[in-house]
Amino acid sequence: MGGLGTLRIAPRAPGDIDRLGRTFGPQAQSYYLERSRRQGVLLVARVGERAIGAVFVSTEPAPESAIIRRLGKVPMLHKLMVDEQLRRRGIGTRLIRSAEAELRRLRQHRVAVGVDIDNPSAARLYQRLAYREWAYGLLETVREDVKDGKVILLPDECRVFLKNL
């Protein structure tokens, strides 16, 4: 693989869903395929022809009523992923910044993200990028998983982080 100097982040292009499947496995491939049919944009980090990261930027209302009640129809980031061998090299940061730029282009003024309670490194990443945890505690939500090629919803809790753009 080429150096990260050839890293390019752009909206999903033909073949990217398959590339994400080769990097992250069939569950991620199914997840991103399903997400790409929704309102929003799937941003993919590529080095050459290899997908090494992705994030989905949702512009549809959140499914959690608590989010809508407290934040309105805020856009959300979902499923930030970076190839395990390439973590801690700024790729996640670049994906998040690209997502924020896309939202600014769409004239959005803030963004939210749910972070698994068992993922403190992700929480630190968002905090480092000026996201602040909301004041309402943990959010009862659902985790989207993929089973037999279908997205299923499982009860979950997460921390919610916000950033004004």
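Tutor: On a 1 Å grid over the protein atoms alone, a pocket is an open set of points where a 1.4 Å probe fits, with protein on both sides within 12 Å along at least five of seven lines, and its lining residues have an atom within 4 Å of a point. Grid points are joined across faces, edges and corners, and a volume is the space filled by probe spheres set on the points. This is a predicted model, in which local features need pLDDT of at least 70 and side-chain atom pairs count only at pLDDT 80 or more, while totals for chains, interfaces and linings use all residues. Residues are numbered from 1 along each chain as its sequence is written, and side-chain values use heavy atoms, with hydrogens and water left out.

The largest pocket holds about 1500 Å³ of space. Its lining has 50 residues, of which Lys-79, Leu-80, Asp-116, Asn-119 and Ala-122 are the closest to the centre. Two or more lining residues come from each of α2 (26-35), β3 (50-58), β4, α4, β5 (110-116), α5, β7 (139-147) and β8 (150-164), where helices (H or I, at least four residues) and strands (E, at least two) are DSSP runs numbered from the N terminus. By residue class, the lining divides into 24 nonpolar, ten polar and 16 charged, with Ala, Val, Leu, Ile, Met, Phe, Trp, Tyr, Cys and Pro counted as nonpolar, Asp, Glu, Lys and Arg as charged, and the others, Gly among them, as polar.

Leaving aside residues up to four places away in sequence, Glu-100 touches Tyr-131, Lys-163 and Leu-165, a contact being heavy atoms within 4.5 Å.

The structure holds three aromatic pairs, defined for rings of Phe, Tyr and Trp (its six-membered ring) whose centres lie within 6.5 Å, with planes under 30 degrees apart counted as stacked, over 60 as edge-to-face and the rest as tilted. Tyr-31 and Tyr-32 are edge-to-face, because their ring centres are 5.5 Å apart and their planes stand at 80°. Tyr-126 and Tyr-131 also form an edge-to-face pair, at 5.1 Å centre to centre and 70° between the planes, and both of these residues are buried.

Conventions:
Buried means under 20% relative accessible area, exposed over 50%, partly exposed in between (1.4 Å probe, protein chains only).
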